[in-house]
Amino acid sequence: MAAYLGEFEQLVLLAVLRLEDGATGGAIRDAVAEGSRRTVWIGAVHTTLDRLELKGLVRSRAVPTPTARGGRRKIFALQPAGRAAIAQAYGTWTRMTQGLRPELESS
Amino acid sequence: MRSAPPTPPAWALRLVEALLPVRDREFLMLDLEDGFVARRARGNRALGWYLVQGLHAAWTRRRPPTLDRESPDIRGGAMGASLLADLRTAWRGLRRQPGLSAAIVLSLGLGIGTASAMYSVVQAVLLAPLPYREPDRLVTVWSKWVAFDRTWLATRDVLDFKAESRSIEDIAMWSSEHVTLTGVGDASRLNAGVVTANTFAVLGVTPLYGRLFTEDEARDAGKAGQTRFAVLSYDLWRATFGADPAIVGRSIRLDGQAVTVLGVMRPRFQLPTDFTEDAPEPTTLWTPLYNDPATADRDDHNFYGAARLRPGVSLGAFNRELATLVAGFANGYRPAMHFTVFAQSIDDDVLGGVGPALRVLLVAVGFLLLIACANAAALLVTRAETRRREWTTRVALGASRARLLRLQLLEGALFALAGGTLGIGLAFLAKRALTAIGPTAIPRAAEITVDWRVMAFMLAVSAGAALLCSLAPAVHAMRLNVVTGLKDGTTNTSASRSRLRLRALLVVTQLSLGMLLLTGAGLMARTLGSMRHIDLGFEPTGVLTARIALPVDRYTRSEDVNRYLDGLAGRLREIPGVEAAGLIRSLPLASTIGDKGLFVEGYTSPPGEHPMGDWQVATPGAVEALGEHLLRGRLFTPSDTARAPMVALVNETMARTYWPGRDPIGRRLRFFGRNAPWVTVVGLVGDVRHNSVTGAVKTKFYLPYAQFSAATGGGPLTTGIVVMRTAVDPMTLAAPLRAAAAAVDPEVPVAGTRPMTEVVDTALTAPRLTSQVLGGFAAVALLLSALGLFSLLVFLVTQRTQEIGIRMAIGASTGAVVRFIFVEGMRVTVLGLTIGLALSAMAARGLANLLYGVSPWDPATWVTAPTVFLAVAALASVIPAFRATRIDPLRALRQV
């Protein structure tokens, strides 16, 4: 049984999955904001990522930036447990929406 | 070639960097910057987004600060971040003890709110400059002699001052009259200022539209074949002429005559007398007055005067010059009259008696604010006490004392902010209550608003309050003793004893200031009471009053006026419920009454003096309607017609002055300076307080309206006040009165309908304002000090739980425990009471000029106020005392 995910956690995980190597906090924020069409706070994204990392669903590493200013970016990647959790959430979602498509899309 | 991607400005980067927590700073800065660049590239607003996201992240990414994390921040010097952290700590501290926090906020809000409301009144009434240019160079000029402390100027005097005074640039004069405006809607009765052409220049005002009249135009305006002019007030122009600028140059009808509108004045312009004289109905248009040197006279005291001082000339210098000038024209004045002319600053003139009252109230509200702050401070010390353990732990773990001090100040600021917010609401409410006390009688009451100046004041007061009330606990925070503090949080350490002393000191402050306010309120309440008990000489309850004015173009002859008055009297008597009704020239306490020179048959005046009398004119029924007292003889009857023998009534003072010890009935008098017929006194009436509630009553006689023209040799009197007496609510007569007046002549306007009780109330505004507001302040102050005492004793009981427990364990009775706490409370109370009484004694002298009929050492006040005070303090002490008896000795002992 994979870990249970809250809605915002699901969105963040999907963004990480989608962004592959480019999953910085800022990029994740942009992706979630675009997909969910709501205001997303970078602080909230990081807080969620911290929690996901504690649960062992994502892993972060520091990558030096090539810019003149220097500094390191934090890049996030899915762990196997994270992959399982989001897959399970997706499965739940698909099963629950089966046959409801006309209903959902009309309203 | 592409330019480098734009980045946020350096200040924004630094700000966000300073706010972000160290552990996140590196990544978050880059994340935010990426977002900024992307948004900028898409052409979206990026900087605002950057800052908001940055601030939000700084807030959400702050872990609740714990000691191990907070220290590195301080060493790192990230002031911004730690400030944010402290704010959060302070906020959480506030929420942890909601009851205590609410008490502090309420206390501060009460103080700040009342102070701000009071300030809004003072700002509008005392501080805001009058709507004239350089008002500090503007003075009003008045005559004064034996019978009058302050009365009108004579035309010749004004001309002489203008010609001879070196202190002034110019002097203007004016009077007012009622005119009837027709042709625009219903006929309306307006108060018109009749002003010399230089009045506007002396006051330093210019019109909004059009122009003002010149001296030449003023001179010619009254002459046959010449145009008449008027300047309109802004309010009249808006209300009656639809704010049409094209009114300038057009003709309107005043008293049936064509008058050309020359200009419209700016908003808020009024004559200085409009702020006080008959304030509910200020002059709303101005017509020219010409002071003709050919006819100017030293006896026609009929005009208000205002002068503009030359730059650098003081009021005192002008007054000295006036005295010299008046002495120079002594031939015109009888020395025994002690005639003189004096000037007064326009501010004093406009404010009258309300100024000193407001100043006293402003000081009083300052004390109230201090009490509120002391109360909040005492509560904050309590809070600090309950958190002493937490704080000593913090210090032990490395928190700096400076930081604790800052935390304490931040808490104070948060409290003040909350209190200030509450205060804004209270200020609006209190302001409404204040203006309700004297909507018409406080000069400039309409200008009272809670505006930015009041808000700024409130902000300053809140900041001051925050500093003041967090100071005491903050100083204590600095003195924490880590070792004893950690050893035990509750025992009687020296620190907690000094804290107790500090709290007692704060409570004594509250109690003594509360005592001061209570004494002041007591004295003012006694003043109001004694003013209310003054026999006014008439009975205001159940009387309706209204002004009427006959159009002078149609009522030029005495017979016409008399016919109208008879007709009106007949109609008024028919109204059901009317017990008596009539018309009177001057309403007591609503307008002042002037005097006329007399010949009194058989009376020889001392050399240099001349008999005088205030002249009242009344129709049959008017004196009865007012409820004046007939002492001897009879009042006027319908048979006192123009053709009947001339009759008069006199008041007691007049009878005593001219016929001492003799019966005034049947005596005769006639008017000075004219070939007037003899008038026989037929009735003696009681003295009436006419010009003011507290002023001396002067000699006064009454003539019937019907005989006025014949008795004085002048034209008929065409204005007057309708007075009607009824057993029911007098305002129910308003509609029937208007109907009756319209039935006799629809072109006669009825204005200013109000009950006589309102007239009396208005005359009592200053004492009412002071006593009611001061009473309110005293009640709040008493409540706050009682709460302060109460919480002090509760605190004492918690401090001494062990001691009390031991006493009880070794046999102390309940009574002894109660006595122990109660005596503590009374010790603080008596100290506060003594200081408060000493302060009151000092303040009483300052109050003396506001008092009437009460000595500053009024025994009733000086006994009652401390008694009430002691009773409330005793009540506040008894409850904690009994709470102390519920201490379980076993549990208390276990703590040792």
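Residues are numbered from 1 along each chain as its sequence is written, and chains are lettered from A in the order in which they are written. Because the model is predicted, local features need pLDDT of at least 70 and side-chain atom pairs count only at pLDDT 80 or more, whereas totals for chains, interfaces and linings use all residues.

Chain A contains 5 helices and 2 strands, taken as DSSP runs (H or I of at least four residues for helices, E of at least two for strands) numbered from the N terminus. The order of these elements from the N terminus is α-α-α-β-β-α-α. Of its 107 residues, 32% are buried, a residue being buried if 20 or more other C-beta atoms, placed from the backbone, lie within 10 Å of its own. Among contacts in chain A with a separation of 6 or more, 50% join residues 24 or more positions apart; two residues are in contact if their C-beta atoms, placed from the backbone, lie within 7 Å.

The contact between the chains draws 16 residues from chain A and 15 residues from chain B. On the side of chain A, α2 (25–36), α3 (42–54) and β2 (72–78) each supply at least two residues, and the largest share, 5 residues, comes from α3(A). This side of chain A comprises 3 nonpolar, 8 polar and 5 charged residues, where Ala, Val, Leu, Ile, Met, Phe, Trp, Tyr, Cys and Pro count as nonpolar, Asp, Glu, Lys and Arg as charged, and the others, Gly among them, as polar.

The axes of α2(A) and helix α2 (residues 22–41) of chain B come within 7 Å and cross at roughly 50°, which makes α2(A) oblique to α2(B). Axes are lines fitted to C-alpha atoms, for helices over the stretch in contact, with angles from 0 to 180 degrees between N-to-C directions; angles under 35 degrees count as roughly parallel, over 145 as roughly antiparallel, 65 to 115 as roughly perpendicular and the rest as oblique. In this pairing, A:Gly25, A:Gly26, A:Arg29 and A:Asp30 meet residues of α2(B) that include B:Phe27, B:Asp31 and B:Ala38.

In chain B, the 34 residues of helix α27 (residues 814–847) should span 50 Å at 1.5 Å a residue, in agreement with end C-alpha atoms 46 Å apart; the expected span is 1.5 Å times one less than the number of residues. Helix α28 (residues 859–885) of chain B has buried residues including B:Phe869 and B:Ala873.

Methods:
Buried ≥ 20, exposed ≤ 12 C-beta atoms within 10 Å, placed from the backbone.
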